[in-house]
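Hi,

Here's the structure I promised to pass on.

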There are 2 protein chains.
Amino acid sequence: MGLCDDIACLIDELLRSEDVAEFGRAELAGRVGCVPSQINYVIATRFSPERGFAVESRRGGGGYIRIRRVAVDAGTLVMHTVNAVGDEIDLRSCAALTANLRQSGAIPEGAERLILAAIGNNALREVPPETRDTVRAAIFKQILINV
Amino acid sequence: MGLCDDIACLIDELLRSEDVAEFGRAELAGRVGCVPSQINYVIATRFSPERGFAVESRRGGGGYIRIRRVAVDAGTLVMHTVNAVGDEIDLRSCAALTANLRQSGAIPEGAERLILAAIGNNALREVPPETRDTVRAAIFKQILINV
DNA sequence: TTTTGACTTTGACTAACTTTGACCTTGTGT
DNA sequence: ACACAAGGTCAAAGTTAGTCAAAGTCAAAA
């Protein structure tokens, strides 16, 4: 078992005992014996939004990294949707998925309109068309995870 | 928890018990055990006008610092905010503006988190950093208009 | 066996937040 | 005027976390 898995295990443990794992990056790195940035790698690969985690952090004195498992109860459908979205997605597909979520009550009343506003071509007009679907996918997923 | 948070907590408490927090800078600093100017830092970062606070102060003998929570008109505040956002805006400013809107009840409960998710660096990771603030401004305004 | 490609590991550099202290400005009382 | 008593400003130093690209590992494919 490599470092990566050690770290992932440690975080998993923290998440088992409590609903949220909070720790200092350097502190955790020290406990495992790796460079701090390794923590970022593990978070990026194992605790990504796609896998159902939300990550917050703060730098400076008293800084921390906080990882929450996103509630799965009412949001399984949301999670499924997130997983279904690949690296890019067009507006029409987003609209369909969002409507679906709304219809099944997985997202609240006003959220649908807000989501579509955030990822519409109007909002993304500064993004070059070639990358627009990629950017849209990232925003879309990020929103759903935080709904 | 660092000094910063301690001080912010203390002030928050004062604001809970009364509608206005009034104290001497040196006195508060002494209570927490920090240099007086630290108080200014906390006020600047946590009790700024953007976050919905009004601060008055006076120097000299009997000097004081007074912090009031400010109530703002909810409906027009959104429009004001949209107008205040230029062609580009950084994440911190967005966060401050959004927190302010939320606090004054101009946007519904869950919307703050959702907005921040949509314009966070995580959502915009596919957007080149040079244009990120521009894209963010467009999305931010588009969302607010549709909230 | 060699090559390739996905996954890991590392560390130099960067960005964000905090803490401190020296020096400045303003108000009050003599 | 003068002295003292506040609060204000700002820049340097300290403390974290984030990013990115180079190097390492290892197993599957050629």
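A quick definition to start: angles under 35 degrees count as roughly parallel, over 145 as roughly antiparallel, 65 to 115 as roughly perpendicular, and the rest as oblique. Bear in mind that this is a predicted model, where local features need pLDDT of at least 70, side-chain atom pairs count only at pLDDT 80 or more, and totals for chains, interfaces and linings use all residues. Residues are numbered from 1 along each chain as its sequence is written, while chains are lettered from A and ligands numbered from 1 in the order in which they are written.

Now the helices (DSSP runs of H or I, at least four residues, numbered from the N terminus). In chain B, α6 (residues 111–119) packs against α7 (residues 129–146) at about 155 degrees, with the axes 9 Å apart (axes are lines fitted to C-alpha atoms over the stretch in contact, and angles run from 0 to 180 degrees between N-to-C directions). α6(B) and α7(B) are therefore roughly antiparallel. B:Ile115, B:Ala118 and B:Ile119 of α6(B) meet B:Arg136, B:Ile139, B:Phe140 and B:Ile143 of α7(B) (contact means C-beta atoms, placed from the backbone, within 7 Å).

B:Ala118 also reaches across to the other chain: leaving out residues up to four places away in sequence, its contacts include A:Ala118, A:Ile139, A:Gln142 and A:Ile143.

How many residues does each chain bring to the contact between them? Chain B gives 27 and chain A gives 26. On the chain B side, α7(B) gives the most, with 9 residues.

Cheers

Terms used:
Helix = DSSP H or I, 4+ residues; strand = E, 2+ residues; numbered from the N terminus. Contact = placed C-beta atoms within 7 Å.
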